[in-house]
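I opened a new page for this structure. I mean to go through the sheet, the helices, the core and the side-chain pairs in turn.

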Amino acid sequence: MKTVKVRLSSIEAVRDFVEVVRKYDYEIDLSSGRYVVDAKSIMGIFSLDLMNPITLTIHSDDCDDILEALKAYIID
């Protein structure tokens, strides 16, 4: 399992993010506080607090390909 912080600061960023994660078969969650949603659900993402960084959890240890595809959204 890998966990990183991401920032989705606009409607377009959320749409593009969902397009990328839907291409992969990994189980991917986004969490903000106590709320956890499926990262492939655009409606779920909009239920989170997008003003702050969100925790992205990929339930796989071999997921460098998707991390590379999402590098525009990952923050340090």
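Predicted model: local features only at pLDDT ≥ 70, side-chain atom pairs only at ≥ 80, totals over all residues.

I looked up the strand order. 5 strands form an open sheet, running β3-β2-β4-β1-β5, with antiparallel pairing. At the edges I found β3 (35-38) and β5, each of which pairs on one side only.

I then checked how β2 meets β4. The two strands pair in the antiparallel sense over 4 bridges. In that region serine 31 stands opposite threonine 55 of β4.

On β3 I picked out valine 36. Is valine 36 buried or exposed? Valine 36 counts as exposed, because its relative accessibility is 54%. I listed what valine 36 touches, leaving aside residues up to four places away in sequence: Asp29, Leu30 and Ser31. I also took a distance from valine 36 to leucine 48: they are 12 residues apart in sequence, and their C-alpha atoms are 8.4 Å apart in space.

**Entry: helix α1**

I went through α1 for buried residues. They are Ala13, Val14, Phe17, Val18, Val20 and Val21. These residues lie on the same side of α1, because they cover an arc of only 160° around the axis. I looked for what covers the buried residues of α1, and the list includes β2, α2 (42-46), β4 and α3.

Not counting residues up to four places away in sequence, leucine 30 touches Val6, Leu8, Phe17, Tyr35, Val36, Val37, Ala39, Ile45, Leu48, Ile54, Thr55 and Leu56.

**Entry: aromatic pairs**

My reminder for this search: a pair of aromatic rings is described by the distance of the centres and the angle of the planes.

The structure holds 2 aromatic pairs. One joins phenylalanine 17 and tyrosine 73, an edge-to-face pair with 5.6 Å centre to centre and 90° between the planes. I placed its two members: phenylalanine 17 is in helix α1, while tyrosine 73 is in the loop between α3 and β5 (74-75), so that this pair links distant parts of the chain, 56 residues apart. Phenylalanine 17 counts as buried because its relative accessibility is 0%. Tyrosine 73 also counts as buried, at 14%.

Tyrosine 24 and tyrosine 26 form a stacked pair, 6.0 Å centre to centre with 10° between the planes. Tyrosine 26 has a relative accessible area of 17% and is therefore buried.

**Entry: salt bridges**

Side chains of opposite charge can pair when their charged atoms come close.

How many salt bridges does a search of the whole structure find? I got 3.

Lysine 2 forms a salt bridge with aspartate 64, and the closest N and O atoms are 3.4 Å apart. This pair also links distant parts of the chain: lysine 2 is in strand β1 (residues 2-6) and aspartate 64 in helix α3, 62 residues apart. Lysine 2 is partly exposed, with a relative accessible area of 29%.

Arginine 15 and aspartate 16 meet through their side chains at 3.4 Å, N to O. Arginine 15 is partly exposed at 42%, and aspartate 16 is partly exposed at 30%.

Lysine 71 and glutamate 68 meet at 2.9 Å, N to O.

Conventions. Residues numbered from 1 in each chain as written. Heavy atoms only, no water. Contact = heavy atoms within 4.5 Å. Phe/Tyr/Trp six-rings, centres within 6.5 Å; stacked < 30°, edge-to-face > 60°. Buried < 20%, exposed > 50% of the residue type's maximum accessible area, 1.4 Å probe, protein only. Salt bridge = Lys/Arg side-chain N within 4 Å of Asp/Glu carboxyl O. Pairing = 2+ DSSP bridges. Arc of directions from axis to C-beta.
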